[in-house]
Amino acid sequence: MPFFGEIGGATVKNRRPRSHTTLIDLLISGGAIVTMDPGRRVLEDGAIAVDKGRILEVGPTAEIKAKYSADRVIDASRKIAMPGLFDGHSHAGHGLLKSLGMHNELWYKACEDVYSRGSTEEFWEAEALLTATERLRFGVTCSLTFFGGGDSVMRTDDPAYGDRHCEAVRKVGIREYLAVGPRRPPFPRRYASWKQGEMREYEVSFEDQLRVSETLVERWGKEEGRVRVCMMLPTSHPEHKPIKGKALEEERYRAQAVREISRRHGVLFTQDGHTKGTVKFAHEELDILGPDALLSHSTDLTDEEIEICKRTGTRIVHNPSAVASMTARCPVPELLNSGVTVMLGSDASAPDRSFDMFRHMFQCMRYHRRHYRDSRVLPAGKVLE
């Protein structure tokens with residue numbers, strides 16, 4: 001639960017509960033509480049009762065103080081308290097590649113070189129510590145993060161890299177879903193590891209990456225964990241080149257192998273870079289959509305594809321600040337009007353973005369209002385939701 005602005009007022013100790021009150025760990029009182037509950041209440045003088053890391057109750061300050069006494073009281077006067085923000089799509093590694101190779105071709109080459117051959121376990125740990133801390137300073141308390149980027153360059157040749165990332169995020173304390181899986185074919189792919197300053201190169205197959213990914217899911221996919229691992233699969237793009245015959249058989253094999261792991265372990269499934277035609281292909285040819293699936297970007301979707309998302313319960317992540325949104329439009333108002341769940345994503349902090357979700361909310365509103373030439377499209381409360 002982030003505060004925006006410095007916390008004012010005194011923090012006091014009050015270990016003895018007043019008569020007829022319940023003793024709790026923390027009471028935040030006197031602030032403007034943006035609840036985001038079904039009634040969309042905004043409490044001008046509100047309080048939040050917290051105990052053992054859980055929010056017990058939110059309500060007017062006078063009512064909450066009559067029920068609870070706390071070890072620690074924070075005076076939130078002239079401040080806003082609200083639920084933590086979600087970032088539905090980003091990439092690990094990007095935090096240490098900011099502004100590097102911002103031209104698309106150079107960016108993909110930078111990701112390929114660094115993520116598959118130029119990064120150590122310490123790289124992934126340091127980047128995760130930096131990124132999780134930056135998120136927290138922006139009020140982002142939950143994210144979904146691909147373990148790599150560029151053109152789906154995943155660091156899933158050895159579970160040690162993912163372990164170091166997850167351990168670092170857990171230290172910071174935010175929630176994260178780390179998406180692991182195979183990179184884009186062809187296979188095998190060239191990777192390298194660094195031990196004591198020496199580089200060792202080796203080839204990695206689809207099956208190798210699948211095995212490493214499932215190992216990480218088994219280690220970090222538990223329900224009670226704040227850091228969890230989910231499965232990703234590179235998006236198939238039949239609009240670039242028809243996928244048929246043996247190529248289609250191979251695509252189906254990879255898709256079903258990844259989906260079998262996600263469904264068997266009950267973890268989320270996600271894909272990066274959907275656009276016109278790819279949702280229809282994923283549904284009709286690969287059979288991988290469903291209510292546990294999140295598809296990012298999703299630009300220029302057809303009416304048929306919007307209906308597919310609605311019918312399968314598939315969710316969409318809109319990244320209004322990403323390059324993909326410059327060249328095509330994610331039909332967010334149309335998706336919402338059809339009953340499809342949509343969330344916002346930063347697409348990470350590189351090459352030219354940030355984890356400031358309010359920036360992305362602002363971009364989202366301007367983006368779709370410009371398309372419709374209508375300032376009433378996507379009001380602020382809906383975008384915050």
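Student: To start, is Phe187 buried, partly exposed or exposed?
Tutor: This is a predicted model, and every value here is computed from it. Phe187 has a relative accessible area of 23%, so Phe187 counts as partly exposed, since buried means under 20%.

Student: Which residue forms an aromatic pair with Phe187?
Tutor: Phe187 pairs with Phe206 in an edge-to-face arrangement. The centres are 5.8 Å apart, with 70 degrees between the planes. Phe206 is buried, because its relative accessible area is 3%.

Student: Where in the chain do Phe187 and Phe206 lie?
Tutor: Phe187 is in the loop between strand E12 (175-180) and strand E13 (189-195), while Phe206 belongs to helix H5 (residues 206-220). The two are 19 residues apart, and the pair links distant parts of the chain.

Student: What about the peptide bond from Pro185 to Pro186?
Tutor: That bond is cis, with omega near 15 degrees.

Student: Are Tyr115 and Trp124 buried or exposed?
Tutor: Tyr115 is at 0% relative accessibility and therefore counts as buried. Trp124, likewise at 0%, also counts as buried.

Student: Which residues form the aromatic cluster?
Tutor: Tyr115, Phe123, Trp124 and Phe147 make up one aromatic cluster.

Student: Turning to helices, how do H3 and H4 pack?
Tutor: Two packed helices are described by the angle between their axes and the distance between the axes. For helix H3 (residues 121-137) and helix H4 (residues 159-172), the angle is about 30 degrees and the axes are 8 Å apart. H3 and H4 are therefore roughly parallel, as angles under 35 degrees are classed that way. The crossing of H3 past H4 is right-handed.

Student: Which residues make that contact?
Tutor: On the H3 side they are Glu121, Glu122, Trp124, Glu125, Ala128, Leu129, Ala132, Thr133 and Leu136. H4 contributes Ala160, Tyr161, Arg164, His165, Ala168, Val169, Lys171 and Val172. By type, the contact has 10 nonpolar, 2 polar and 5 charged residues.

Student: New topic: the backbone. What is the phi of Asp287?
Tutor: Asp287 has a positive phi of about 55 degrees, although it is not a glycine. Asp287 sits in the loop between helix H7 (278-286) and strand E17 (293-296). At 48% relative accessibility, Asp287 counts as partly exposed.

Student: And what of Ala348?
Tutor: Ala348, also not a glycine, has a positive phi of about 80 degrees. With a relative accessible area of 0%, Ala348 is buried. Ala348 is in the loop between E19 and H11.

Student: Where is Pro351, and what is the peptide bond from Ala350 to Pro351?
Tutor: Pro351 is in the loop between strand E19 (342-344) and H11. The bond from Ala350 to Pro351 is cis, with omega near 0 degrees.

Student: Finally, where is His368 found, and is it buried or exposed?
Tutor: His368 is in helix H11 (residues 357-372). At 0% relative accessibility, His368 counts as buried.

Student: What is His368 in contact with?
Tutor: Setting aside neighbours within four places in sequence, His368 contacts His318, Arg329, Cys330, Val332, Pro333, Val377 and Leu378.

Conventions: Residues are numbered from 1 along each chain as its sequence is written. This is a predicted model: local features need pLDDT of at least 70, side-chain atom pairs count only at pLDDT 80 or more; totals for chains, interfaces and linings use all residues. Side-chain values use heavy atoms; hydrogens and water are left out. Axes are lines fitted to C-alpha atoms, for helices over the stretch in contact, and angles run from 0 to 180 degrees between N-to-C directions. Helices (H or I, at least four residues) and strands (E, at least two) are DSSP runs, numbered from the N terminus. Angles under 35 degrees count as roughly parallel, over 145 as roughly antiparallel, 65 to 115 as roughly perpendicular and the rest as oblique. A crossing is left-handed if the near helix is turned anticlockwise from the far one by less than a right angle, and right-handed if clockwise. Contact means heavy atoms within 4.5 Å. Ala, Val, Leu, Ile, Met, Phe, Trp, Tyr, Cys and Pro count as nonpolar, Asp, Glu, Lys and Arg as charged, and the others, Gly among them, as polar. Buried means under 20% relative accessible area, exposed over 50%, partly exposed in between (1.4 Å probe, protein chains only). Rings of Phe, Tyr and Trp (its six-membered ring) pair if their centres lie within 6.5 Å; planes under 30 degrees apart count as stacked, over 60 as edge-to-face and the rest as tilted.
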